[in-house]
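Welcome! Have a look at the sequence and the 3D structure below, and then we will walk through some helices, a ring pair and a pocket together.

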Amino acid sequence: MSDLAQSGATVAGGGDTTGKSQRRESFTGRGAFLITAIGSAVGLGNIWRFPYVAYTNGGGAFIVPYLVALLTAGIPLLFLDYAVGHKFRGSPPMALRRLNKRTEAIGWWQTLICWVIVIYYAVIIAWAIRYVGFSVTKAWGNDPEGFLTGNFLHVASNVDVEFHFVSGVFWPLLLLWVFVLAIMATGIEKGITRASRIFMPLLAVMFIALVIIALTLNGASTGLNALFTPSWDALGNYQVWMAAYGQIFFSLSVGFGIMVTYASYLKPKSDLTGSGLVVGFANSSFEILAGLGVFAALGFMATASGKPVSEVASSGIGLAFIAFPQIISRAGAVGPILGVLFFVSLVFAGITSMISLLEVVVAAFREKTGMPRKAATWIIGGVTAVASIMLFPTTTGLNLLDVTDHFINNIGIVGVALLTCLVISWVLRKLPVLRDDLNEYSSFKVNKVWMALVSVAAPLVLLGLWITEIITVASKGYGGMPKNFVRIFGWGTSVLVIVVAVALSLVPWPHRSAINHELTREEELARENTQETQKGALL
């Protein structure tokens with residue numbers, strides 16, 4: 001008897017006299033799911049990480065390993081997340097608990113990774129909100145780097161944790177959290193989907209406008225040549241291939257619960273693989289678009305400053321808050337327009353991704369405690385917001401963000417994705433069951449090739465990424481920061497997340513909790529078929 005059947009049998013004999021099952025929230029249709037899933041996948045990393053990764057790993061030649069990584073790992077793992085969430089109808093803890101009661105801790109590990117990320121992710125969006133206004137006034141003057149770390153963030157000279165708040169970050173961060181929680185409290189369709197339907201079209205329009213303006217700048221072709229001129233020798237370097245797989249894992253939001261949660265809101269008869277292909281290629285298309293806009297602008301900056309592109313190109317916070325302000329300052333009358341488009345794009349992309357991260361956490365605790373959505377959103381989301389507001393709009397917030405982000409992404413996400421693949425494929429041997437669920441109503445059928453990619457190819461790549469990262473930071477430290485700071489907020493956070501995940505998995509589910517009486521996919525499908533039969537009879 002399966003764990004799911006056992007839990008059902010327990011309820012049947014345990015006094016659940018209502019005889020009723022809860023209907024899970026769901027997307028109204030495939031379009032609602034697609035716009036929300038794409039909104040989750042398209043985030044800050046698409047805009048500020050992909051262009052630089054491509055540039056430093058073979059330029060145009062990087063497209064080859066990137067596409068190979070997308071087809072052999074990104075989309076297969078996306079399918080895996082969809083199958084787990086759709087079949088077992090829950091956030092990661094519930095879905096993996098229904099898969100097997102001993103794997104609930106893995107689901108909590110994924111959930112807590114999302115929780116840690118959203119705590120610091122929000123503050124970057126708050127920075128971008130302020131920089132929309134700074135783009136108009138060019139508040140950074142002639143020194144964007146000094147302005148960022150000095151006038152704006154007031155970064156402390158010592159690397160430590162101090163609760164000296166920076167008001168210029170505190171207030172936009174507070175307003176951002178209130179705005180996001182208000183959206184999520186209204187539910188999947190009225191809140192999350194509606195927000196994605198507004199922000200994603202606006203993001204597309206604004207970023208296309210940014211690209212068009214950037215392409216008209218003097219020297220844009222220099223930047224594009226630097227980005228797309230292929231260095232075919234790079235294809236013989238295994239690090240380039242690892243970089244391609246790393247970019248795909250991080251940008252598609254696979255392996256740490258987001259797509260499991262969103263897929264759980266799909267209707268029983270859903271085209272899972274067709275939707276996965278749309279999301280995967282839409283995400284990659286946006287990354288290519290981001291490469292065009294970013295490197296066209298960097299080419300202009302290189303030409304204006306008389307430097308090679310290699311000296312002005314950067315990624316992450318350096319690109320967004322140092323390099324781009326320099327571009328805005330040099331672009332004359334069009335500079336403020338370029339800046340507003342860029343930073344508003346960061347805000348829109350960030351908000352949809354922030355919502356998806358927080359939804360994993362809220363859904364997990366809702367299901368574990370039985371709380372209604374509004375209460376769970378304001379309580380769990382409120383605790384998360386307080387943690388975010390207490391730690392990151394401070395004079396030491398930038399260093400704390402840097403260390404936490406590196407460890408939680410490169411060790412946490414890669415580690416939990418690796419463990420999930422190995423457990424589902426080799427320990428539980430559930431891939432045939434999940435394959436059948438994917439194929440039942442999907443337009444694109446998966447077979448043994450998909451199973452081999454998920455069970456062998458993806459784990460090998462993830463293992464390589466994970467071991468390489470662990471060895472590197474263990475031997476060299478990180479970013480020249482004090483060892484104790486890295487131990488506490490890097491290694492410490494990574495280990496604490498696992499410990500808390502195991503502890504949460506040991507907390508018993510309440511009687512009549514969602515794990516026992518919320519509809520499974522099979523029950524939803526049976527109810528849907530019954531309703532269709534009744535409608536047919538009436539007609």
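**How the helices pack**

Helix α14 (residues 272-305) packs against α16 at an angle of about 60°, and their axes are 10 Å apart. The model is a predicted one, in which local features need pLDDT of at least 70, side-chain atom pairs count only at pLDDT 80 or more, and totals for chains, interfaces and linings use all residues. Residues are numbered from 1 along each chain as its sequence is written, and side-chain values use heavy atoms, leaving out hydrogens and water.

*Helix pairs*

- Two packed helices are described by the angle between their axes and the distance between the axes.
- Here axes are lines fitted to C-alpha atoms, for helices over the stretch in contact, with angles from 0 to 180 degrees between N-to-C directions.
- α14 and α16 are therefore oblique to each other (under 35 degrees is roughly parallel, over 145 roughly antiparallel, 65 to 115 roughly perpendicular, and the rest oblique).
- α14 passes α16 in a left-handed crossing, meaning that the near helix is turned anticlockwise from the far one by less than a right angle.
- α7 and α17 pack at about 155°, with axes 7 Å apart, and are therefore roughly antiparallel.
- The contact of α7 with α17 has 28 nonpolar, 5 polar and 2 charged residues (nonpolar: Ala, Val, Leu, Ile, Met, Phe, Trp, Tyr, Cys and Pro; charged: Asp, Glu, Lys and Arg; polar: the others, Gly among them).
- α19 and helix α21 (residues 448-476) pack at about 150°, with axes 9 Å apart, which makes α19 roughly antiparallel to α21.

*Aromatic rings*

- The whole structure holds 33 aromatic pairs (rings of Phe, Tyr and Trp, its six-membered ring, with centres within 6.5 Å; planes under 30 degrees apart are stacked, over 60 edge-to-face and the rest tilted).
- The ring centres of Trp127 and Phe321 are 5.6 Å apart with planes at 85°, so the pair is edge-to-face.
- Trp127 sits in α7 and Phe321 in α16 (residues 316-330), so the pair ties together parts 194 residues apart in sequence.

*The second largest pocket*

- This pocket has about 430 Å³ of space (a volume is the space filled by probe spheres set on the grid points, which are joined across faces, edges and corners).
- A pocket is an open set of points on a 1 Å grid over the protein atoms alone, where a 1.4 Å probe fits, with protein on both sides within 12 Å along at least five of seven lines; lining residues have an atom within 4 Å of a point.
- Among the 23 residues that line the second largest pocket, Trp115, Val116, Ile119, Thr493 and Leu496 are the closest to its centre.
- α22 gives the most to this lining, with 7 residues.

Technical notes:
Helices (H or I, at least four residues) and strands (E, at least two) are DSSP runs, numbered from the N terminus.
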